[in-house]
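Please walk me through this structure, with the cut-offs behind each term.

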Amino acid sequence: MTDQALDILKLVLLGLLYLFFARVLWAVWSEVRSANTRAAGPAMPPIPDEQTAALGAPAPSEPRGRRRARKGHRGRVARLVIVEPKERRGAAFPLGGELTVGRDPSCTITIEGDTFVSSTHLRIYEVEGQAFVEDLNSTNGTFHNGNRLIGARLLHPGDRIQVGYTVLEAQ
């Protein structure tokens, strides 16, 4: 074989080697990412019947669709719904007074297993019927519609709030 043919074969072999390593790295990255998503938020434990109505979720014995937290109307937010992670998708929390979000069990919305969430991460409160979201000096911050939240902001229906791996949507 000529030197030119050997050089071409070396380059082809090198290219295939790079493709192989890229595929291995992609597989490892996908596996690590899916493991983080699963660990980010375990499924919510069952809620006793007395608390079910307070959270706006249907009681276990009732058909779905009853006793849900009401959606807001006329541009006002009436509830928060978890969009991510998949394990908690659809959990709704009605706004009434003040909600707190964090890892601490005393928070209204408890996010377990997510190390990017502070013990008391943020609060959502109402002033004259308008909902506001405020970061409580969390370590990793809160994101409102993809932008880092600084101070308090007015919530509108459709707004998304991200706390660690958890995404809440205002409705």
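N137 is exposed, because its relative accessible area is 76%; exposed means over 50%, buried under 20%, and partly exposed in between, with a 1.4 Å probe and protein chains only. The place of N137 is the loop between β6 (130-135) and β7 (143-144). Helices (H or I, at least four residues) and strands (E, at least two) are DSSP runs, numbered from the N terminus. The phi angle of N137 is near 55 degrees, a positive value in a residue other than glycine.

The model is predicted: local features need pLDDT of at least 70, side-chain atom pairs count only at pLDDT 80 or more, and totals for chains, interfaces and linings use all residues. Residues are numbered from 1 along each chain as its sequence is written, and side-chain values use heavy atoms, with hydrogens and water left out.

A phi near 55 degrees, again positive in a residue other than glycine, is found for N145. This residue lies in the loop between β7 and β8 (147-148). N145 counts as partly exposed because its relative accessibility is 41%.

Next comes strand β3 (98-102). Four of its five residues are buried, so β3 is largely enclosed by the rest of the structure. Two strands are said to pair if DSSP finds at least two bridges between them. β3 pairs with β5 (residues 122-127) in the antiparallel sense, over four bridges, and T100 has R123 as its bridge partner in β5. β3 and β4 run parallel and are joined by two bridges; here the partner of V101 is I109 in β4. In a regular strand, side chains alternate between the two faces of the sheet.

The loop between β3 and β4 (109-110) holds D104. With a relative accessibility of 28%, D104 counts as partly exposed. Which residues does D104 contact, leaving aside neighbours within four places in sequence? They are T110, S119 and T120, where contact means heavy atoms within 4.5 Å. The side chain of D104 also makes a polar contact of 2.5 Å with the side chain of S106. A polar contact is a pair of N or O atoms within 3.5 Å; within protein, one must be able to donate a hydrogen and the other to accept it, and residues adjacent in sequence count only if both atoms are side-chain atoms. D104 and H121 are 17 residues apart in sequence, and their C-alpha atoms are 9.2 Å apart in space.

A cis peptide bond joins E84 and P85, with omega about 0 degrees. P85 sits in the loop between β1 (79-84) and β2 (92-94). Both E84 and P85 are touched by T166, whose other contacts are I82, I111, D114 and I161, not counting residues up to four places away in sequence. T166 belongs to strand β11 (residues 166-170) and is buried, because its relative accessible area is 3%.

Helix α1 (residues 3-40) contains L14, which is partly exposed because its relative accessible area is 41%. L14 is one of the residues in a nonpolar surface patch of about 890 Å², together with L11, L17, Y18, F20, F21, V24, V28 and V32. Accessible areas come from the Shrake-Rupley method with a 1.4 Å probe, and for residues only the protein chains shown count as cover.

Key:
Patches are made of residues with over 30% relative accessible area and no salt bridge: like charges are joined within 9 Å, nonpolar side chains (Val, Leu, Ile, Met, Phe, Trp, Tyr) within 5 Å. A salt bridge is a side-chain nitrogen of Lys or Arg within 4 Å of a carboxyl oxygen of Asp or Glu.
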